[in-house]
Amino acid sequence: MVMAPFEDDSEKTNVSQMGDVVRELMGRSPRDRAYLIVLTGANVGEMHRLESGESIIGRGTAATIRLGDDGISRRHARVVTENNTVRIEDLGSSNGTLVNGSLVKEVVLRDGDKIQFGSSTILKFTYHDKLEENFQRAMYDAALRDDLTKAFNKKYFIDRLEQEVAFVRKHNSPLSLVMFDVDHFKHVNDTFGHVAGDYVLAKLAEITQGVVRTEDIFARYGGEEFSILCRGIPLLSAGSMAERLRGTVEATELVFDTREIPVTISLGVAAFPDVPAQNGTELIAAADEALYSAKNAGRNRVCLKQ
């Protein structure tokens, strides 16, 4: 019996894979995008692209990169990007700026440098290409967003809520919280099925994203309940936004598998300092109380906690 020559399939596979790698590398853009990535602290995982010009880092509302941890000044440091270099300068902060463990006044940053503000916040300075940027953002979203709705998850929302409440109590600035859920959602699931229920939640999140501001924090709080944290917005303004969202949802035709699903939402709004909340839990309780009032009054409406 004549045997066929032995062929090393693994070698063919390796050559093919190497070709894919070479093509990918040839298509990649240079690592010329400067970023600060939060490694530790309340804002862990956030990516901040450094555009040409100046970026202010601090706790204040005017900061370009806002970090909420204790020990960070309102205007803590600034980062200046120009002539293919990035330098960081401390702005007379209370606790100083450290780069790779050393206290600095001003220094040019190098790829991989670790920057510390306060006692618990560390950022990494790095350059990325487009592929790396997309990967980092995907990892960040996977950790902080709900799979179904793409809204932020409850853990991220709670963490940010506590930061924001601590900030507004210190600076006496407004902060509003909107809590809302789907009216008779159990009936939707029982009548149209759970797949249709998931469709409703995903579409509701999509509608909400079109109403809220970029700086608002929209999250899936649990089940069919959602939350919107509105920075710098007083109670009545948040109530107007909530009413706009309610009307938009009611007017939107949701069709799943050729069947129209009527959907409305009830919303409760609470705000600091109208509610003298000491922490995020108390602000949630106030917004939930307003939400229950909306449901008890007949649903498909907005109630304010005053």
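Q: How are α3 and α7 oriented to each other, roughly parallel or roughly perpendicular?

A: Keep in mind that this is a predicted model. Two packed helices are described by the angle between their axes and by the distance between those axes. Here the axes of α3 and helix α7 (residues 280–296) come within 8 Å and cross at roughly 105 degrees. Angles of 65 to 115 degrees count as roughly perpendicular, and α3 and α7 are therefore roughly perpendicular to each other.

Q: Which residues in α3 and α7 meet?

A: From α3 come Phe157, Ile158, Leu161, Glu162 and Val165, and they meet Gly280, Thr281, Leu283 and Ile284 in α7. Sorted by class, this contact of α3 with α7 has six nonpolar, two polar and one charged residues.

Q: At what angle do α4 and α5 pack?

A: Helix α4 (residues 185–192) and α5 pack at about 135 degrees, and their axes are 7 Å apart. The two helices, α4 and α5, are therefore oblique to each other. On the α4 side the contact is made by Phe185, Val188, Asn189 and Phe192, and on the α5 side by His194, Ala196, Gly197, Val200 and Leu201. Its residues divide into six nonpolar, three polar and no charged.

Q: How do the axes of α5 and α6 cross?

A: Helix α5 (residues 194–209) and helix α6 (residues 235–251) have axes that come within 10 Å and cross at roughly 135 degrees. That angle makes α5 oblique to α6. The crossing of α5 and α6 is right-handed. Leu204, Ile207 and Thr208 of α5 make the contact with Leu245, Thr248 and Val249 of α6. By class, the contact of α5 with α6 has four nonpolar, two polar and no charged residues.

Q: Which elements supply the lining of the largest pocket?

A: At least two residues each come from β2 (47–49), α2 (130–144), α3 and β13 (217–222). The largest share, five residues, comes from α3. By class, the pocket lining has twelve nonpolar, seven polar and ten charged residues.

Q: Turning to the backbone, which residues does a cis peptide bond join?

A: The cis peptide bond joins phenylalanine 272 and proline 273, with omega at about 10 degrees. Proline 273 lies in the loop between β17 (265–272) and α7.

Q: What is phi of asparagine 100, and where does asparagine 100 lie?

A: Phi of asparagine 100 is near 55 degrees, a positive value in a residue other than glycine. Asparagine 100 lies in the loop between β7 (97–99) and β8 (102–104).

Terms used. Residues numbered from 1 in each chain as written. Predicted model: local features only at pLDDT ≥ 70, side-chain atom pairs only at ≥ 80, totals over all residues. Heavy atoms only, no water. Helix = DSSP H or I, 4+ residues; strand = E, 2+ residues; numbered from the N terminus. Nonpolar A, V, L, I, M, F, W, Y, C, P; charged D, E, K, R; others polar. Axes fitted to C-alpha atoms, helices over the stretch in contact; angles between N-to-C directions. Parallel < 35°, antiparallel > 145°, perpendicular 65-115°, else oblique. Left-handed = near helix turned anticlockwise from the far one by under 90°. Contact = heavy atoms within 4.5 Å.
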